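I open this notebook to record what I looked up in the structure, entry by entry. Each entry takes up one topic.

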Amino acid sequence: MTTTNGDRPLVEVEHLAEFFPIHGGVLQRQVGEVKAVDDVSFTIRRGETLGLVGESGCGKTTVGRLLLRLLEPTDGTITFDGTDITGLSERDLKPFRRRMQIIFQDPFASLDPRAPIGASIEEGLRIHQIGTPAERRDQVARIMELVGLQPYHARRYPHEFSGGQRQRIGIARALVLEPELLVCDEPVSALDVSIQAQVLNLLRQLQRDLGLTYLFVAHNMGVVEHISDRVAVMYLGTMSEVAPAQEIYRFPLHPYTIALLSAVPVADPGARARQKRIILLGDVPSPVNPPSGCRFHTRCWLRKQLDNPTRCETERPPLRDLGPDHQVSCHFAEELVQVERREELIANAAAVSSARAVSDEEEIGPVELPPPDTGGIFDPAAPIGDDTPGHP
Amino acid sequence: MANRTGALEAPAAAAERRSASLWGDAFRRLLRNRLAVLGGLFVLLFIFVAIFGSFIAPYDYREQDLAAVVAAGGPVGPWVGPHILGTDNLGRDLLSRIMDGARISMIVALVVQAVVLFIGVPVGAAAAWFGGRLDTLLMRFTDIVYAFPDLLFIILLSTALRETVFGRALDGLLVVFVAIGLTAWVGMARLVRGQLLSLKETEFVEAARAIGVSDFKIVTRHLLPNASGPMIVAVTLGIPGAILAEATLAFIGLGAQEPRASWGKLVFDGQAFLRSEPHLVLFPALAVAIALISFTFLGDGLRDALDPKLKGKQ
């Protein structure tokens with residue numbers, strides 16, 4: 001794809017924040033706010049797929065909505081192809097609406113049940129006054145074929161289609177305006193596994209053919225690995241780590257990412273036995289009242305092994321460069337760079353996790369956990385904790 | 001964008017395709033629903049009678065056949081003599097009066113529901129869509145209108161506007177009908193607000209916003225069609241209410257006045273002779289009942305026709 005600003009990223013997000021007010025009391029005064037997204041910065045390059053992962057409630061969907069200005073950001077700027085779109089009125093935003101589209105998680109809720117799908121797909125062309133009615137119908141038919149739908153289905157209604165077909169309709173609706181950026185908000189989470197692969201392959205093929213740029217929001221690390229060029233990991237409204245996909249799966253540097261990846265199920269039983277799972281303790285804290293300093297410090301296994309440095313509680317770690325194209329927001333990420341030290345720390349954390357898992361499972365009451373630094377008493381390679389209930 | 005268009009040049013199907021729309025499909029489905037078609041035909045018949053009743057009625061609605069009343073010693077019964085449905089105590093032909101009454105009753109039904117839709121839908125939609133302060137403001141206003149005594153409001157309005165052009169229209173009846181509508185829209189506003197509040201959170205609304213569809217078009221093209229079912233039912237059920245409200249007002253001197261007739265007024269007038277001459281109540285009441293059933297069948301058919309999920313299940 002040729003564009004005038006070839007070098008510049010398509011999307012630059014700086015210090016983006018979204019706080020949802022909470023109203024309460026008799027007078028409906030604002031009593032607090034949900035810090036859904038708090039100071040997030042990242043870029044999306046032309047033609048790439050940026051995977052955005054994190055647990056539910058971490059703000060990844062909100063980021064996608066903010067990019068498209070479906071939500072008004074509390075703070076920060078979004079620059080699309082060199083233009084700051086944060087302050088634009090809906091009228092000035094309209095040309096940009098054409099260039100960025102979204103496909104949704106729930107293919108049952110994202111289509112107007114009372115509109116024939118042809119009308120739903122065509123709506124964008126009508127709104128932007130593109131072509132004559134006949135040309136629009138041809139374009140709709142072309143797009144429907146492109147995503148693998150029969151053009152004569154245009155007269156049918158959403159309820160007549162299966163989940164996978166509806167997701168294709170949603171993709172067709174987004175693509176009919178020939179956008180450059182496509183925000184995919186968990187596009188396959190609601191689909192059967194067999195259909196997931198079909199839709200993912202379709203998305204990849206469309207990216208190749210049309211030169212699309214994707215922001216791919218998902219909670220499934222496997223799906224993200226399959227489709228992403230780079231991966232961004234979010235935790236509780238903040239960005240933990242951004243790195244190329246292979247890098248982040250091979251050598252993650254943020255303790256949260258390491259824990260997240262250790263929970264990904266592995267199909268090979270041998271590899272599974274060797275997998276060192278780190279089970280995070282407790283729940284994700286509330287975004288209404290998030291922890292001070294590093295958002296992750298309350299559950300961080302690395303911090304525990306470093307004897308709970310106070311810096312994690314007081315100072316917010318910035319997203320900083322650690323290696324080529326690899327950014328991490330952790331004060332102590334250097335501890336994880338050197339391979340031997342890293343293995344030792346991870347092994348210790350996994351040992352603590354397995355010990356806890358055993359005690360939970362057999363209900364033998366509290367067991368004395370080995371001091372984290374000794375290691376070795378529990379063999380982390382032993383398949384003890386692998387049958388843990390609470391599959392990730 | 002030109003080079004991007006080229007990439008989308010997938011083989012275009014040559015076949016001419018008719019684009020479908022909800023309303024076109026709904027109309028075709030409505031025509032397949034026999035009860036709805038029957039109801040619609042009756043509604044058309046009533047409207048025809050309302051417009052042309054004075055030309056096709058056997059007698060003038062004011063004309064008194066005093067000889068027949070004297071001969072019968074009171075209201076003439078049905079199916080005796082030239083008066084098919086009999087006469088009232090003043091010797092006026094009942095069929096002609098029912099046909100004349102159709103005019104007022106149909107006008108009240110349509111005017112009141114038009115006012116209800118014209119005010120209730122925008123108020124409810126605006127409250128739901130914009131939310132916040134506007135929602136609070138509009139719904140509190142709705143509560144106030146709801147709490148205000150209907151009859152008092154109608155009396156005040158029709159008295160205040162009596163000497164204006166608007167007040168004189170339709171022998172002073174239009175202002176009364178509009179006043180009935182002005183007290184009745186609150187239910188529609190609440191209904192629309194409730195429906196839209198749940199619909200506006202759905203992802204297809206977000207998809208429309210992402211495309212750049214304006215707020216107004218999102219509400220009118222996506223939200224209201226999805227809320228149309230309950231709205232149609234409310235309108236259908238509101239029609240008999242309006243016809244009976246007019247009758248109540250006629251009773252206290254605000255509705256149709258002598259010698260004019262409306263269905264509600266005929267029922268009220270006939271009550272005095274309920275024991276001896278039940279036909280004076282029976283036939284106007286039957287007219288009201290048939291009109292109501294017709295509107296209900298039509299409304300139900302319309303509601304089902306507008307729901308694509310019911311296709312082929314009628």
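**Entry 1: domains of chain A.** I first looked up the spacing of the domains: the centres of domain 1 of chain A and domain 2 of chain A, taken over C-alpha atoms, are 34 Å apart. Domain 1 covers 11-23 + 31-228 and domain 2 covers 252-387; such bounds come from an automatic or database domain assignment.

I note that this is a predicted model, in which local features need pLDDT of at least 70, side-chain atom pairs count only at pLDDT 80 or more, and totals for chains, interfaces and linings use all residues. Residues are numbered from 1 along each chain as its sequence is written, while chains are lettered from A and ligands numbered from 1 in the order in which they are written.

Entry 2: I looked up the contact between domain 1 and domain 2 of chain A, and found ten residues from domain 1 and eight residues from domain 2 (two residues are in contact if their C-beta atoms, placed from the backbone, lie within 7 Å). On the domain 1 side, β2 (29-44) and α7 (221-227) of chain A are the elements that give two or more residues. Helices (H or I, at least four residues) and strands (E, at least two) are DSSP runs, numbered from the N terminus. β2(A) gives the most to this side, with five residues.

**Entry 3: a sheet in chain A.** I then followed the strands and recorded an open sheet of four, in the order β2-β1-β4-β5 (chain A), with antiparallel pairing. Two strands pair if DSSP finds at least two bridges between them. The edge strands are β2 and β5 (83-84) of chain A, each pairing on one side only. Between β1 (residues 11-24) and β4 (residues 75-80) of chain A, which run antiparallel, I noted five bridges. Ala17(A) has Asp75(A) in β4(A) as its bridge partner.

**Entry 4: a helix in chain B.** Which residues of helix α2 (residues 22-32) of chain B are buried? I found Leu22(B), Ala26(B) and Arg29(B), where buried means that 20 or more other C-beta atoms lie within 10 Å of the residue's own, with C-beta atoms placed from the backbone. They lie on the same side of α2(B), because they cover an arc of only 65 degrees around the axis; the arc is that of the directions from the helix axis to the C-beta atoms. The buried residues of α2(B) pack against α11 (215-251) and α13 (279-305) of chain B.

**Entry 5: where the chains touch.** Last, I looked up the contact between the chains, which takes 31 residues from chain B and 39 residues from chain A. α10(B) gives the most to the chain B side, with seven residues.

Technical notes:
Buried ≥ 20, exposed ≤ 12 C-beta atoms within 10 Å, placed from the backbone.
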